[in-house]
Amino acid sequence: MSHNPIRPWRDIERRQSRQIMVGKVPVGGGAPIAVQTMTNTDSSDVKATLGQVLAAAEAGADIVRISCPDEGSTTALREIVKESPVPIVADIHFHYKRAIEAAEAGAACLRINPGNIGSEDRVREVIKAAKDHGCSIRIGVNAGSLEKHLLEKYGEPCPEAMVESGLEHIRILEDNDFREYKISVKASDVFLSAAAYHGIADATDAPIHLGITEAGGFVSGTIKSAIGLGNLLWAGIGDTIRVSLSADPVEEVKVGFEILKSLGLRHRGVNIISCPSCARQGFDVIKTVAELEERLAHVHTPLSLSIIGCVVNGPGEALMTDVGFTGGGAGSGMVYVAGKQDHKQDNAGMIDHIVELVEQRAAEIEAEIEAEAAE
């Protein structure tokens, strides 16, 4: 539960699910919502793929998925897994043998699609490989690749068809005494995705992987994902998320964290609160925020920073942040520390000064955390 006793209108009652492990990362059962992304390199290219994995992990990804369409990719997976700082999910479509090879190569989780993985006998072989090698499984239902018999039954992809697909595969896994699974029911349509997720959330206690599949480019995909995932997360649904963008995987991670941060469900790095700027601004807000985002990207400690162009809302916003700067007149503004007015700062040296203050506050927070852990 995201609980705020002072501001109960911010509470989010998370759906109760059982917990599984994806490598070292707990998913479900009240664990922090894990952020995932997926590489878009040739998976058989170890150097390029591992480079994306490392970049995503540095950006905060808890889990990274890699497509395994051929033997070359599952062969490379073995080396990638050894060097990866985060658990690797093997993305499997059509060829069930790739799932077996991926399990043998050290994948932490196998993603299989009910619409194209094949017969129950093939799924049983995948389950055996998962058991033998300690893998979890994600049942990944997609509206665009539903089983033929469900399309014939329902006439088109719909929430009921997607839920039925997922439950059919849950039955296969549980009939084979396998419970280390999570499930997703994705569509590119926000309404269809949301309805399917609500349906599957009511029908099972399995951890849920959230995503709006094929969401689009950076801007349109971010908006669509924020609406769809935000709606579901606000309702308490979701144990791990992936934002699907036609963009660099690192951008997916950043957007995922921003969605979670906006709902108070995860906290990582500097949360910058800034105004859109107007004629009242005492400094160039847009340019300043862009530079601060870049220069503070290395700070992983959760803290807040307000950058407001004038005194209309600046002092009020600064009351709620760790560090704040409000534009004034004559080329200077006011610096706030821990919500209190502290000192004036000229605009020319403002960015360097704010970076220094944020880094100092982050170090203090980390020291406090270490001290508490040592008690």
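Modeller: Asn-142 stands opposite Lys-186 in β8. That pairing belongs to a set of 6 bridges that join β7 to strand β8 (residues 181–186), and the two strands run parallel. Strands are said to pair here if DSSP finds at least two bridges between them. The strands themselves are DSSP runs of E with at least two residues, while helices are runs of H or I with at least four, and both are numbered from the N terminus.

Before going further, a word on the source: this is a predicted model, in which local features need pLDDT of at least 70 and side-chain atom pairs count only at pLDDT 80 or more, whereas totals for chains, interfaces and linings use all residues. Residues are numbered from 1 along each chain as its sequence is written, and side-chain values use heavy atoms, with hydrogens and water left out.

Back to β7. Of its 7 residues, 7 are buried, where buried means under 20% relative accessible area, exposed means over 50%, and partly exposed is in between (1.4 Å probe, protein chains only). Cover comes on both faces: one side carries Ser-136, Arg-138, Gly-140 and Asn-142, and the other carries Ile-137, Ile-139 and Val-141. β7 also has β6 as a parallel partner, through 4 bridges. Within that pairing, Ile-112 has Ile-139 of β7 as its bridge partner. To get from β6 to β7 the chain passes through α4, and this β-α-β crossover is right-handed. That label applies if, with the strands pointing away from the viewer, the path from the first strand over the helix to the second runs clockwise.

α4 covers residues 120–133, and its 14 residues should span 20 Å at 1.5 Å a residue; the end C-alpha atoms are 20 Å apart, so expectation and model agree. The expected span is 1.5 Å times one less than the number of residues. Which residues of α4 are buried? They are Val-123, Val-126, Ile-127, Ala-129 and Ala-130. Viewed down the helix axis, the buried residues of α4 fall within an arc of 160°, so they line one face of the helix; the arc is taken from the directions from the helix axis to the C-beta atoms.

What do the buried residues of α4 pack against? Their partners are α3 (96–105), β6 (109–112), β7 (136–142) and α6 (159–175), with contact meaning heavy atoms within 4.5 Å. After the helix comes Gly-134, which has a positive phi near 70°.

Asp-175 counts as exposed because its relative accessibility is 56%, while Arg-171, with a relative accessible area of 37%, is partly exposed.

Lys-254 is partly exposed at 44% relative accessible area, and Glu-251 is partly exposed at 25%. The other joins Arg-295 to Asp-352, whose closest N and O atoms are 2.6 Å apart. Arg-295 sits in helix α10 (residues 285–295) and Asp-352 in helix α12 (residues 350–374), so this pair ties together parts that are 57 residues apart in sequence. Arg-295 is partly exposed, at 32% relative accessible area, and Asp-352 is also partly exposed, at 48%.

Conventions
A salt bridge is a side-chain nitrogen of Lys or Arg within 4 Å of a carboxyl oxygen of Asp or Glu.
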